Amino acid sequence: PIGHQHGMDGGGGTMTEKLLHIALRRRGVTAIASLATFGVLALASDARGEPGATEKAIGFCLKAGMRSRDRFAHTEAISHLSKGLRLLETLQPSVARDTRELELLGPLGTAYIAARGYAAPEVGPVFHRARDLAERAAPTPLLFVMLRGHFAYHIVRGNFRLCAELA
């Protein structure tokens with residue numbers, strides 16, 4: 001059976017942990033796809049009562065997105081990071097949720113820039129949202145990255161007055 005070959009036939013650990021181990025045993029593109037798929041599966045596990053599965057799924061979407069971005073698979077990174085943001089929407093508002101959203105938005109913005117260019121219509125809203133979150137949060141190195149991304153988007157689009165305000 002499929003579960004047996006993947007070590008899911010009764011050994012210890014939750015379903016989420018077992019799926020994670022499967023994903024981590026794989027290499028390259030397969031591992032990235034497994035981690036992203038894990039996000040959806042973990043969300044389903046959460047519905048069955050496994051605590052913290054959604055947060056874990058979001059973390060794996062972030063890891064898969066970063067890994068894709070680092071390998072110049074920007075379109076794939078956009079997909080994984082966007083999936084993480086969709087999962088994040090299911091959580092209650094909190095400082096931890098805002099921090100995680102900021103962690104997803106930074107790489108998502110840079111992936112959009114790499115895949116579609118600084119002036120792409122998707123770039124502005126990502127960095128605008130990230131800037132709003134970063135300004136509300138405690139001082140963080142991410143604030144500079146978000147401001148720089150927001151500034152770059154507007155300067156490339158010729159919004160010089162706004163750039164002067166941002167500078």
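Is E165 buried or exposed? In this predicted model, E165 counts as exposed, because its relative accessibility is 65%.

**View 1. The protein chain is built from nine helices and zero strands.** From the N terminus on, the order of elements is α-α-α-α-α-α-α-α-α. Of the 167 residues in the protein chain, 40% are buried. Among contacts with a separation of 6 or more, 49% are between residues 24 or more positions apart.

**View 2. Helix α4 packs against helix α5 at an angle of about 165 degrees, with the two axes 8 Å apart.** That angle makes α4 roughly antiparallel to α5, and the crossing of α4 past α5 is left-handed. On the α4 side, the residues that meet α5 are T54, A57, I58, C61, L62, A64, G65, S68 and R69, whereas α5 contributes H74, E76, A77, H80, L81, K83, G84, L87 and L88. By residue class, this contact of α4 with α5 comprises nine nonpolar, six polar and three charged residues.

**View 3. Helices α5 and α6 pack at an angle of about 155 degrees, and their axes lie 9 Å apart.** The two helices, α5 and α6, are therefore roughly antiparallel to each other, and α5 passes α6 in a crossing that is left-handed. From α5 the contact draws on H74, T75, A77, I78, L81, S82, G84, L85 and L88, and from α6 on R97, R100, E101, L104, L105, P107, L108, A111, Y112, A114, A115 and R116. The residues of this contact of α5 with α6 fall into 13 nonpolar, four polar and four charged.

**View 4. Helix α6 (residues 95-116) and helix α7 (residues 123-136) pack with their axes 9 Å apart, at an angle of about 150 degrees.** Because angles over 145 degrees count as roughly antiparallel, α6 and α7 are described as roughly antiparallel to each other; the crossing of α6 past α7 is left-handed. The contact involves R97, D98, E101, L102, L105, G106, L108, G109, T110, Y112 and I113 of α6, together with V123, V126, F127, R129, A130, L133, A134 and R136 of α7. Eleven nonpolar, three polar and five charged residues make up this contact of α6 with α7.

**View 5. The largest nonpolar core has 26 residues, and those with the most contacts inside it are L104, L105, L108 and V123.** At least two residues of this core are supplied by each of α4 (53-70), α5 (74-88), α6, α7 and α8 (141-156), and the largest share, seven residues, comes from α6. When residues up to four places away in sequence are not counted, L104 touches I58, L62, L81, G84, L85 and L88. In soluble globular proteins, nonpolar side chains tend to be buried together.

**View 6. E165 is found in helix α9, which spans residues 160-166.** Although E165 and F151 are 14 residues apart in sequence, the C-alpha to C-alpha distance between E165 and F151 is 9.5 Å. The relative accessibility of 65% is the reason why E165 is classed as exposed.

Terms used
Residues numbered from 1 in each chain as written. Predicted model: local features only at pLDDT ≥ 70, side-chain atom pairs only at ≥ 80, totals over all residues. Heavy atoms only, no water. Axes fitted to C-alpha atoms, helices over the stretch in contact; angles between N-to-C directions. Helix = DSSP H or I, 4+ residues; strand = E, 2+ residues; numbered from the N terminus. Parallel < 35°, antiparallel > 145°, perpendicular 65-115°, else oblique. Left-handed = near helix turned anticlockwise from the far one by under 90°. Contact = heavy atoms within 4.5 Å. Nonpolar A, V, L, I, M, F, W, Y, C, P; charged D, E, K, R; others polar. Core = buried A, V, L, I, M, F, W, Y, C linked by side-chain atoms within 4.5 Å. Buried < 20%, exposed > 50% of the residue type's maximum accessible area, 1.4 Å probe, protein only.
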